[in-house]
Amino acid sequence: MAREAAELPPKETLSLWIREQAQLKALVVDRDTEAWQRDPGFSGLQRVGGVDVSFVKGDSVSACASLVVLSYPELEVVYEDCRMVSLTAPYVSGFLAFREVPFLVAAVRRLREKEPGLVPQVLLVDGNGLLHHRGFGVACHLGVLTDLPCIGVAKKLLQVDGLENNTQHKEKIGLLRAGGDSFPLTGGSGTVLGMALRSHDHSTKPLYVSVGHKISLEAAVRLTRGCCRFRIPEPVRQADIRSRDYIRRTLGAPTPPAPGQDRSQKVQRPKGGSEELEDEGRPPEAHGQGPETAESPRHTRPAAASVEPSCAQ
């Protein structure tokens with residue numbers, strides 16, 4: 001039986017979360033703040049980061065929080081920090097940051113203390129930024145707390161402000177013919193909340209890119225596209241792969257299934273959740289549970305991923 005982090009928080013806690021989101025939202029910067037962001041080739045950008053939280057199968061308390069840093073434009077991993085953590089807050093739609101961001105902020109803090117020269121110049125986050133019920137998704141939250149440029153990259157459309165995954169939306173997706181094609185996500189209020197991006201020539205499903213902090217939407221879309229070897233941007237993809245691998249190594253989980261066998265979904269969140277990361281042909285979560293442990297952050301030479309996804313779908 002799965003261990004649960006907690007039942008739904010009381011109304012008082014939700015009110016506090018809403019108040020904190022509003023206070024932090026006032027600090028969001030939705031424009032380019034660095035010279036490299038305004039350069040067509042991102043000259044001056046050398047390090048891009050990705051973060052991920054992977055769960056132990058059947059256990060919504062034990063998880064692995066990971067931060068990776070890749071060189072740019074080579075997209076080779078130069079740093080990784082994976083750590084087992086115990087979550088205390090439950091998953092509540094629209095409040096993902098309160099469940100996961102504290103562990104990611106801690107990872108950035110450790111990097112700044114131990115290897116300041118490897119701090120990423122931008123973070124790519126599996127989730128939404130301004131494309132959010134209250135205009136302050138997990139990418140905004142992480143960006144403000146770390147004071148780093150952040151980009152939200154979601155795999156599913158968050159249906160907010162009149163945005164719907166309806167026939168019209170699907171027709172627009174059908175018009176995305178090649179990698180780099182995109183269209184704006186304009187809400188009923190007339191505000192452009194993000195962009196739907198075909199990230200790879202062989203991908204048929206778009207990514208939903210939105211501003212997190214300290215970057216414009218135009219630069220966020222260009223950089224997301226520039227970080228994609230497959231459908232998912234390499235910083236996010238590597239953070240996910242390495243966090244799963246760390247869970248398996250730490251908890252002694254079985255090896256990944258052979259090709260063609262069923263693979264588990266990555267996230268222990270309600271089905272249809274707006275900020276979840278679908279399985280991309282990567283290995284399943286580890287089984288079982290173990291004590292809270294940590295692995296020292298380390299430099300790493302580029303290495304093959306534990307499981308290489310097929311061309312993104």
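I started in the loop between helix H2 (35-38) and strand S1 (47-56), where Phe42 sits. This is a predicted model, so I am reading its backbone as a prediction. Phe42 has a positive phi of about 55 degrees although it is not a glycine. Buried or exposed, I wondered about Phe42? Buried: its relative accessibility is 5%, and the cut-off for buried is under 20%.

Next I looked up Asp147, in the loop between helix H4 (138-146) and S5. Here too I found a non-glycine with positive phi, about 60 degrees. Asp147 comes out as partly exposed, because its relative accessible area of 44% falls between the 20% and 50% limits.

Then the peptide bonds. I noted a cis one joining Tyr72 and Pro73, with omega about 10 degrees. Pro73 belongs to the loop between S2 and strand S3 (77-86).

On to the hairpin. S6 and S7 make one, with five residues between them. In its turn I found Gly190, whose phi is positive at about 90 degrees. Strand S6 (residues 182-186) runs antiparallel to S7, and I have five bridges down for the pair. Leu185 faces Gly194 in S7.

Helix H3 (residues 96-114) got a length check. Its 19 residues should span 27 Å at 1.5 Å a residue, and the end C-alpha atoms are 28 Å apart, so the two agree. I also logged a kink of about 30 degrees in H3, centred on Pro102.

Packing came last. Which residues touch the most other members of the largest nonpolar core? I got Leu45, Val48, Tyr72, Ile151 and Leu223, out of 29 residues. Elements giving two or more residues to this core include strand S2 (59-71), strand S5 (150-154) and helix H7 (234-251). H6 gives the largest share, five residues.

Leaving aside neighbours within four places in sequence, its contacts include Val122, Leu124, Ala139, Val209, Ile215, Ala220 and Leu223. Apart from this core lies another, of 28 residues, with Val85, Leu96, Val101 and Val119 among them.

Whole-chain numbers, for the record. I count seven helices and nine strands. Of the 313 residues, 58% are buried. Among contacts between residues at least 6 apart in sequence, 72% join residues at least 24 apart. The chain exposes about 13,400 Å², and carbon and sulfur atoms supply 50% of that.

Conventions:
Residues numbered from 1 in each chain as written. Predicted model: local features only at pLDDT ≥ 70, side-chain atom pairs only at ≥ 80, totals over all residues. Heavy atoms only, no water. Helix = DSSP H or I, 4+ residues; strand = E, 2+ residues; numbered from the N terminus. Expected span 1.5 Å × (residues − 1). Bend = angle between axes of the 7 residues up to and from the residue. Core = buried A, V, L, I, M, F, W, Y, C linked by side-chain atoms within 4.5 Å. Buried < 20%, exposed > 50% of the residue type's maximum accessible area, 1.4 Å probe, protein only. Contact = heavy atoms within 4.5 Å. Areas by Shrake-Rupley, 256 points an atom, 1.4 Å probe, with all protein chains shown as cover. Pairing = 2+ DSSP bridges.
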